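Subject: Handover of a structure, with notes on what was found

Dear colleague,

Please find below the structure that I am handing over to you. My notes on it follow directly after.

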Amino acid sequence: MRILVLSGPNLQMLGTREPDRYGSTTLPEIHARLSALAQELGVAVDCEQSNHEGVVLDRIAGARGAFAGIVINAGGWTHTSVALRDALLAANLPFVEVHLSNVAAREPFRHHSYLSDVAAGVVFGFGAESYLLGLRGLVSRLRAA
Ligand code: DQA
C-alpha cells in the first residue's frame, strides 16, 4: 500500500514560520517521522511539498492507480481552492485533510474548508503529530475497506 503525503504553500518554512503557532519541527523532520511510521504500519509513503497549485493538482491527477490514498495539508488553499477540491474528487482516492494548527480557533476565514466535507477524515490542532495521526487514520480506513 502506497500513500501520497502532500503539503501546500509555505509549509517548507515549518520550523521557522510562526513557531509559536506551528512549532519548531521542520518539514523534512515530519517527512522522516512519516517514513518511520509508514515502516511500522507496513506501508510506503511519498512525501512532497509545493508552493505551486498546478504542480499539486497534477500530482493528485497522477495519483490514481499509483497510490491507495492521500494525506494532505493544503495550507491556505484549504480555504480558497475549488480547483483543489475538484482534483481530489476527480482522483477518487480517499484522503485525510490535516493541519498543524487548530484552524477552528483561528480567524473566521480559516473555519471554512473546501476539502473537509469530501475527506475521509480531518485532523487538526496537534502540530506535526497531525500528519502522523492522519496517516494512521487513513491506513486503518483503507484496511477496513
Ligand atoms: C495550516 C492552516 C492554514 O490555515 C494555513 O494557511 C497554513 C497552515 C496548518 O497546518 O495549520 O498554511 O494548514
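Is glutamate 18 buried, partly exposed or exposed? Glutamate 18 is partly exposed, as its relative accessible area is 41%. Here buried stands for under 20% relative accessible area, exposed for over 50%, and partly exposed for what lies in between, with a 1.4 Å probe and protein chains only.

Before the remaining findings, a word on the source. The model is predicted, so that local features need pLDDT of at least 70 and side-chain atom pairs count only at pLDDT 80 or more, while totals for chains, interfaces and linings use all residues. Residues are numbered from 1 along each chain as its sequence is written, and side-chain values use heavy atoms, with hydrogens and water left out.

The loop between E1 and H1

Glutamate 18 is found in the loop between E1 and H1. Helices (H or I, at least four residues) and strands (E, at least two) are DSSP runs, numbered from the N terminus. Glutamate 18 has a positive phi of about 35 degrees, although it is not a glycine. Asparagine 10 is placed in the loop between strand E1 (2–7) and helix H1 (19–22). Its phi is positive as well, at about 75 degrees, and asparagine 10 is not a glycine either. With a relative accessible area of 34%, asparagine 10 is partly exposed.

Asparagine 73

Asparagine 73 lies in strand E3 and counts as buried, at 2% relative accessibility. Leaving out residues up to four places away in sequence, asparagine 73 touches several residues, including Leu6, Leu11, Val98, His99 and Tyr131; contact means heavy atoms within 4.5 Å.

Helix H4

In helix H4 (residues 82–91), the buried residues are Leu84, Arg85, Ala87, Leu88 and Ala91. Seen down the axis of H4, these buried residues fall within an arc of 160 degrees, so they line one face of the helix. The arc is that of the directions from the helix axis to the C-beta atoms. Helix H3 (53–61), strand E3 (69–73) and strand E4 (95–99) are among the elements that cover the buried residues of H4.

At 3% relative accessibility, leucine 88 counts as buried. Residues up to four places away in sequence aside, leucine 88 touches Ile60, Ile70, Leu93, Phe95 and Leu115.

The two ends of H4 also deserve a look. At its start, a side-chain oxygen of serine 81 reaches to within 3.4 Å of the backbone nitrogen of alanine 83. After H4 comes asparagine 92, whose phi is positive, near 55 degrees.

The loop between E4 and E5

Serine 101 has its place in the loop between E4 and E5, and at 7% relative accessibility serine 101 counts as buried. A polar contact of 2.9 Å joins its side chain to that of arginine 106. Neighbours within four places in sequence aside, serine 101 is in contact with Arg21, Tyr22, Arg106, Phe124 and Gly125. Asparagine 102 lies in the loop between E4 and strand E5 (121–124). Asparagine 102 is partly exposed, with a relative accessible area of 37%. Phe124 and Gly125 are touched by asparagine 102, not counting residues up to four places away in sequence. The C-alpha atoms of asparagine 102 and glycine 127 are separated by 8.6 Å, although these residues are 25 residues apart along the chain.

The largest pocket

The largest pocket has a volume of about 150 Å³. On a 1 Å grid over the protein atoms alone, a pocket is an open set of points where a 1.4 Å probe fits, with protein on both sides within 12 Å along at least five of seven lines; lining residues have an atom within 4 Å of a point. Grid points are joined across faces, edges and corners, and a volume is the space filled by probe spheres set on the points. The pocket is lined by 15 residues, of which Arg17, Tyr22, Gly75, Gly76 and Arg110 lie nearest its centre.

Yours sincerely

Terms used. Polar contact = N/O pair within 3.5 Å; in protein donor to acceptor, adjacent residues only side chain to side chain.
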